[in-house]
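Hi,

Here is the structure I promised to pass on to you. Have it open while you read the rest of this email.

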Amino acid sequence: MNASTRREQDHLAAPGVRLVLDGREVLAFEGESLLTLADREGASVPRLCHADGLTPAGNCRSCMVEVQGERTLAAACCRSVQAGMQVQTASPRARSAQRMVLELLLADTASATLPAGNELGRWATQLGLAAGDSRFGARASSVADASHPAIHFDANACIQCTRCLRACRDEQVNDVIGLAWRGPQARIVFDQGDAMGASSCVGCGECVQACPTGALTSKAMPEPMPGHVLADQKVDSLCPYCGVGCQVTYTVKDDAIVDVQGRDGPANAGRLCVKGRYGYDYARHPQRLTRPLVRRTGVPKQPGRLLAPHEVAEVFREASWEEALALAGGGLARIRDTHGGQALAGFGSAKGSSEEAYLFQKLVRLGFGTHNVDHCTRLCHASSVAALLEGLGSGAVSNPVRDVMQAEVVVIIGANPTVNHPVAATWIKNAAQAGTKLVLLDPRHNDLTRHAHRHLRFKPGSDVALLNALMHVIVAEDLVDHGFIAARTEGFAALAAHLQSFSPEAMAPVCGIEPQAIREVARLFATSRASMILWGMGVSQHVHGTDNARCLISLSLMTGQIGRPGTGLHPLRGQNNVQGASDAGLIPMMYPDYQRVTDPAARARMARAWGVPEQQLSLQPGLTVVEVMHAAAAGRLKGLYVMGENPAMSDPDAHHAREALAALDLLVVQDIFLTETAALADVVLPASSFAEKTGSFTNTDRTVQLARPALNPPGQARQDIAILIDMAQQLGLDWSAYGNPHTDAPAVVGAVFDEMRHAMPSIAGITWARLQAEDAVTYPCEKEGDPGEPVVFTRSFPTPSGRGRFVPAGLVPSAELPDLDYPLVLCTGRQLEHWHTGSMTRRSHVLHTLEPEPVAWMHPADMARVGVQAGEPVTLQTRRGSVCLYARADESAQPGMVFVAFCWAEAAVNELTHPGLDPVAKIPGFKVCAVRAAAGGVVRTAAGATKG
């Protein structure tokens, strides 16, 4: 259901108001505007300052209508309906005013060339006006601003409708665009009158999407030639990046995406971020893989080498698909037959569709004969999922992100949504503006800090100390929800006893937060009408990540802040389909729908679903991502099939990971670029990018959404689902019943989805036809026709007892802490312009232009101690290696902290990270390791050359 449908349903529930519109009696909804009513009734009323989703401004005056008995005309966008009104939208008086406004605006923009299809031109044409018809003189022209890499601003085309301002301030809440001066001197400005490229603009492009005249345009959008149609087609699909799951519309010309607009989807309501709007051109980058590659005989694997594009032919030769599949699938089959299934493993992808993930795990389990299958969730939210399954019986979120708008208190811990989930952050900022009290628990400041009611900047790695102290206060002051605890939980007495030693006074030296601040936040959370917790990988990526999540679960359970709108627990998922891939069974200890492989009943169900004997499926869980690397390095694992993952960049202690990959007898990589992992492969299979796929993707809200293909795979690249079926055949599996993926991939995807839903009760009610018709359905949806459940745990928990479980957590130190030799804390993560290991975003022109070089964020005090200036090289070193980057001053971090994104191949920060694991979820502790910094060094380039 999209936002427009929800608004319509809200109106249908409102009392009716009868009035006369253009001579007809109509029924309006109480509180709606005359413009909304006119649109629904088919009356054509111009508007330029008005846009759905923006606060009405009424400043363009082009929507003037006549209300009987009133002396002045009324702005339809701002005037609410009233019973008994008689309104005329096209009376001579109203039309005269509308035409005059449009004439004035045409005169204002006479010195600009407005792009075809702009709203001003459309309305002028509809009212019988043309650009040269204005009786009024043009205003003085000004120089256009082309300083931003993505956006062009021509003030000559600006009518000062303030749609861009409201999109920036009210929707995105970035507060960059303003309206300065008055009268003839009034103009749109960025920050304090800066050039757009020098301003604090984050490049979300919301202003471009809002602009009615083309004063703000995307630079990549080609101008239409006279007599030519700009778009070959427009395709409704999804954004390929983070877990928010924004719906988009791609504009396609000559088999290339030239523009992206936000759609009215349930997660984004038309909003996008810089990656979603401008990070699309990677799909047509010249480095796309277009033919299968095979390693040349005698060419060794060099784990430390960055392979430049011109060096590829020295290492690999092109091969036919027949040869490549025989070497890849046939080679893996020989290893299986010689050494057994445990000598093989597969890494699937959270960037691919759920159908691809489902087939991949099925291929590993049936074709390899092992549960050694995993994906990036192991490195992101595995600890969150482990704790949620343990405590609540479900590893997914309890409430959608947009429930923050219904919360009284929102706690965000270990997350930086404005960077990692920018559109989700807009709803959080909207909620704060509307009065929701935002509490940040994070060692670093971020862009949400200015909106926060409280920000507790605790010491890195001391999460459990702080959270236990919060719960101590709630228990000691009897702020718990006794009725909820008695009716719906178990284990509270043991937790309460455990918390006695975690008073704020005892924990203050550990976490660095004053006791009074801890008490204030605890009281606020416990006593609010609705409190909601969102967290990111700052919680999960620790050796005590499962304990961190256990504490958050207990905090919600003891206060009854779960199972209602505006409450609950939401781990923000990092990749576009990490939820769907996990649901589909891309986990070594779980079948689809989180059925444990150790459960004989689950084994029997999956054996029946797949038509194989039960004994063919092991009861032994498989190896996780990091365990696979250890097994490869030790020689126990001989072959690895990697689809769309880049462990050479994403794994901790990347030197060790690359050496393990190089030690394999056979490494098969299926990807769209020759990634750092693919450079170590024996066979490389060219795959399809997101924009070339059909499939379902499940976002962080548990909403299953449909992606549609906008492009064709280039050259001989194939659909991933076709490659999987071909590989299955090489391994002795007959999957012909799905159909022919080479001639009708969408039909095959639909057949796989149908098999999935019959194996996964959570999505059993979602048919492929329904998904195609509705675009988005939230699970659980267990029966056809069910609407889906955005809020779960309303009556019980899916645990054996039906109750939520309290699990106490003690203090566990990080695996490596600062000392005299390595006095700083290194924290890794993502940055706004780049995503994951950078294989896509660093091949996007706009995103690369915005952030082209590797940087280390350091506190100015630490930079001064090291003796490095902003923009100068700095070398970071841990006990595992060193990298050189450019220093960037960052007062948001605490002194003693260094932050580096893990997208830079030339400065791969995971060469420094510690391999220590959370004992439950086997997730690495990426957020804390000891590092030292030194001024100077040589920064490598991504191509393997150097730049000093």
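Below is what turned up, starting with a sheet and moving on to salt bridges.

One thing to keep in mind first: this is a predicted model.

**The sheet**

Look for an open sheet built from five strands, with mixed pairing. Going across the sheet, the order is β2-β1-β5-β3-β4. At the edges sit β2 (24-29) and β4 (74-75), each of which pairs on one side only. β4 and strand β3 (residues 64-67) run antiparallel to each other, paired over two bridges. Then find helix α3 (residues 92-108), which lies across β3 and β5 (86-88) and runs at about 160° to β3.

**The salt bridges**

How many salt bridges does the structure hold? The count is 46. Here are a few to look up.

Start with Lys 253 and Asp 232, whose closest N and O atoms are 3.5 Å apart. This pair ties together distant parts of the chain: Lys 253 belongs to strand β11 (residues 247-253), while Asp 232 is in the loop between β9 (216-218) and β10 (233-238), 21 residues apart. Lys 253 has 24% relative accessibility, so it counts as partly exposed. Asp 232 is partly exposed too, with a relative accessible area of 47%.

Next, go to Glu 784 and Arg 757, where the side chains meet in a salt bridge at 3.1 Å, N to O. Distant parts of the chain are linked here as well: Glu 784 is in the loop between β30 (776-778) and β31 (804-805), and Arg 757 is in helix α28 (residues 745-759), 27 residues apart.

The last pair is Arg 865 with Asp 862, at 2.3 Å from N to O. Both are in helix α31 (residues 860-866), and because they are three residues apart there, about one helical turn separates them. Arg 865 is exposed, at a relative accessible area of 60%, but Asp 862 counts as buried, at 3% relative accessibility.

There is also a network to trace: Asp 236, Arg 263, Arg 708 and Asp 775 are joined into one by salt bridges that share partners.

Cheers

Terms used
Residues numbered from 1 in each chain as written. Predicted model: local features only at pLDDT ≥ 70, side-chain atom pairs only at ≥ 80, totals over all residues. Heavy atoms only, no water. Pairing = 2+ DSSP bridges. Helix = DSSP H or I, 4+ residues; strand = E, 2+ residues; numbered from the N terminus. Contact = heavy atoms within 4.5 Å. Axes fitted to C-alpha atoms, helices over the stretch in contact; angles between N-to-C directions. Salt bridge = Lys/Arg side-chain N within 4 Å of Asp/Glu carboxyl O. Buried < 20%, exposed > 50% of the residue type's maximum accessible area, 1.4 Å probe, protein only.
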